[in-house]
Amino acid sequence: MLISKLSRVGFLIAKELSRGQYTYMSRTRFRQMPCGRYQRSLLELLPETRAFQGAIFQKHRDFSTSASNNASEGGDEQKETISVTFVSKDGEEIPIRVPMGMSMLEAAHENDIELEGACEGSLACSTCHVIVMDMEYYNKLEDPIDEENDMLDLAFGLTETSRLGCQIIASPELDGIRLAIPAATRNVAIDGYVAKPH
Amino acid sequence: MAIFGSRRFLSRSFWSLSPHPLRVCIVGSGPAGFYTAEKMLKAHQGSQVDIIDRLPTPYGLVRSGVAPDHPETKNVINQVSRVAQNGGCSFLGNIALGSSVSLAELRELYHVVVLAYGAESDRVLGIPGEDLKGVHSAREFVWWYNGHPDGRNLNPDLKSTDTAVILGQGNVALDVARILLRPTSELATTDIASYALTALEQSFIRKVYMVGRRGPVQAACTAKELREVLGIKDLCIHIKEADLKITPTDVEEMKNSRIHRRIYDLLSKAAVAGPSEPSSGRRELHFVFYRQPARFLESFDKMGYVSGVHLEKTALKGTGPGKQIAVGTGQSEDLSCGIVLKSIGYKSVPVDGLPFDNPKGVVPNIKGRVLSDNSGDPTLLENGLYVCGWLKRGPTGIIGTNLYCAEETVASVSEDLEHGVLASTASLPKPGRDGLLQILDNRNVRVVQFSAWERIDEEEKRLGSLRNKPREKLTTWEELLKAASE
Ligand SMILES: Cc1cc2nc3c(=O)[nH]c(=O)nc-3n(C[C@H](O)[C@H](O)[C@H](O)COP(=O)(O)OP(=O)(O)OC[C@H]3O[C@@H](n4cnc5c(N)ncnc54)[C@H](O)[C@@H]3O)c2cc1C
Ligand SMILES: NC(=O)c1ccc[n+]([C@@H]2O[C@H](COP(=O)([O-])OP(=O)(O)OC[C@H]3O[C@@H](n4cnc5c(N)ncnc54)[C@H](OP(=O)(O)O)[C@@H]3O)[C@@H](O)[C@H]2O)c1
Ligand code: FES
């Protein structure tokens, strides 16, 4: 109990540090990292991704895993970025690398991932709602502040592991996190949890 | 931003290859209209999407509803205006469905018509005295302070009384209460209409009663807005301890609703915290629960004016799992006031030729496909006619709700184009925008295109910068149309 509390504090500190760090980081550096883009441009050549989504889901996943392994060979870059996988409204998995300190909302936008952010990260809309797909990662996140909870109240398809994308900031602990984007036309199944109406 | 950036996928539809584009008309440029346009353009590249609005200004309630002291909420405008700048999309303002052009005409001109014109009327209480002077709908009051060109003549009387009653406890009620009670110095730097700011600066309103027919567990507002109103500087909050008592059914209700649980917590904490000694001059907000309006009282000395509300006490009655309604107990009391703002919900208005469910105030539909009548028979569909937003679901939900609503409506359009009723009609050419502009030209309707709106926008920002405001809204039709043409 105590230990987990302590490690949590450590995490908070790391997170604060990384938040600060971000303000000094240039965006261009991030843009130069092509791995996310590259993978997806390959996917564009696979028009059947959409039609046979279910069927190729597994294959698709394998593909992205190996791709992000390749990417992680990139030495220095790897230290400053973490791997994040978005699961789009269509169920497509999109692995990207996100610089420390960057919010998941910004990261999604930098990578042309369709995540809304109507209020541009000012905690006034809830359209950046994402579902953390593994409980383990969800627990690594700092608890949402009141204002985030206020917005989560209104999030479409709220689950036990829902968070706002503009409030999740990349930090080392989150390396490997998978985030699903809820869609009106699809129910996301989270390990052990189901979407509950509110 | 992502949504408008390069697309990963080849378009799913064939419009870009087809000899004539799919012509789509969206009526209403609020969140529902814009999100529909965005999703349509994405799902059917090469289609031509026109968004018409009766106002010369776009964005619906984001401009005329969202409170002036919530600028961050209006950030959504940055995103949706990028939709309007997309080559396939046009905003055509100053065109009213029903008067400038009929629904039948639009359906002739376009393959697909999506109605997203919101809810521009009010639910009524249907009790005596509702038309006394001084009884307004919150919608009118909101239009007034937000500078809607149809709202500026309201001139609410904030000087002959120190007490206002707001009926309803939803977010609109909270917005209205906040505007009445917040220090005007904090409103001065927002985009509030300047005549409204002046009136509020001179307002004598000190006490606001927010009356709900049910209890604190059922309050319709949301936590962010409640927290904000509870935190207003120098405001005394009054909540009766007795009203906070809850029943096992209430507990059950809270178990199933995170938002109700959190609202109840906030109200309970506020009740414990205040009110401190009400020092003279401090403004007061009273949350009144378990009261429903029975009739409005007329003033003795000012004929035709409201002087109070006769309220009936209520109790809750379970009508199903997690659902309790208010029923009158026969006991009553009077609440004196000089102005009443009814904030019990908006209501949509039908246009000629549109199936409409009057009691619910919505267009009968299945997943956005308009049904020919209210029987609910899913086979009786209006070909090519769809609905989205408040007109589809009723007047509830936040901006983001319309995103999912638009997703659903556009999914229906896509299905119908691929293997449904639209497959055959969509293969024939339709006149679309050119045909519409021709008709409007014949009728001397002056269309305000997006570039003309941008001129209005620039002028408003310029005027605002002179007063340290993000914008000074132009609030008459004449001013708006003049700025549009300059
Ligand atoms: C007072 C108020 C404050 C709100 N504040 C917030 C907030 O802070 N945050 C939030 O998330 N949500 C807020 N909401 C909710 C949000 O505004 C709505 O969910 C949303 O605007 C509904 O979108 P819509 O497109 O269906 O309707 P609207 O936004 O009302 O858009 C309808 C459009 O249709 C046009 N129109 C009407 N009739 C015609 C006609 N005959 N012909 C052509 N055009 C026509 C109108 O001019 C308007 O532009 C608020 C709502 C209200 C009422
Ligand atoms: N900041 C924001 O996010 C924001 C701001 C404004 C509006 N909005 C959204 O816009 C939507 C509309 O808001 P709203 O406040 O107009 O509607 P609302 O949330 O539906 O609230 C309506 C209120 O009126 C009451 N009411 C209805 N009929 C009544 C009657 N006959 N007699 C007495 N009371 C009656 C309701 O009580 P009952 O519950 O008992 O029916 C409820 O308290 C909401 O979804 C809201 O969240 C959001
Ligand atoms: S972008 Fe609006 S709350 Fe995250």
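## Y346(B) and W390(B)

Both Y346(B) and W390(B) are buried (under 20% relative accessible area, with exposed meaning over 50% and partly exposed in between; 1.4 Å probe, protein chains only). This is a predicted model, in which local features need pLDDT of at least 70 and side-chain atom pairs count only at pLDDT 80 or more, while totals for chains, interfaces and linings use all residues. Residues are numbered from 1 along each chain as its sequence is written, chains are lettered from A and ligands numbered from 1 in the order in which they are written, and side-chain values use heavy atoms, with hydrogens and water left out.

The ring centres of Y346(B) and W390(B) are 5.6 Å apart and the planes stand at 80°, so the pair is edge-to-face. Rings of Phe, Tyr and Trp (its six-membered ring) pair if their centres lie within 6.5 Å; planes under 30 degrees apart count as stacked, over 60 as edge-to-face and the rest as tilted. Because Y346(B) belongs to strand β15 (residues 346–347) of chain B and W390(B) to helix α12 (residues 390–393) of chain B, the pair ties together parts 44 residues apart in sequence. Helices (H or I, at least four residues) and strands (E, at least two) are DSSP runs, numbered from the N terminus.

## Aromatic pairs and a cluster

Over all chains, the whole structure has nine aromatic pairs. In one of them, F141(B) and Y145(B), the ring centres are 5.6 Å apart with planes at 80°, so this pair is edge-to-face. F141(B) and Y145(B) are four residues apart, about one turn, in helix α5 (residues 138–145) of chain B. F141(B) is buried at 0% relative accessible area, and Y145(B) is buried at 0% as well. One aromatic cluster is formed by F141(B), W144(B), Y145(B) and Y195(B).

## The largest cavity

The structure holds seven cavities of 30 Å³ or more. A cavity is a set of points, on a 1 Å grid over the protein atoms alone, where a 1.4 Å probe fits but cannot get out; lining residues have an atom within 4 Å of a point. The largest cavity contains about 70 Å³ of space. It is lined by 13 residues, of which L55(B), T57(B), R63(B), S64(B) and P149(B) are the closest to its centre.

Domain 1 (2–120 + 348–446) and domain 2 (124–346) of chain B both contribute to the lining of the largest cavity, so this cavity lies between them. The domain bounds come from an automatic or database domain assignment.

Technical notes
On a 1 Å grid over the protein atoms alone, a cavity is a set of points where a 1.4 Å probe fits but cannot get out, and a pocket is an open set with protein on both sides within 12 Å along at least five of seven lines; lining residues have an atom within 4 Å of a point. Grid points are joined across faces, edges and corners, and a volume is the space filled by probe spheres set on the points.
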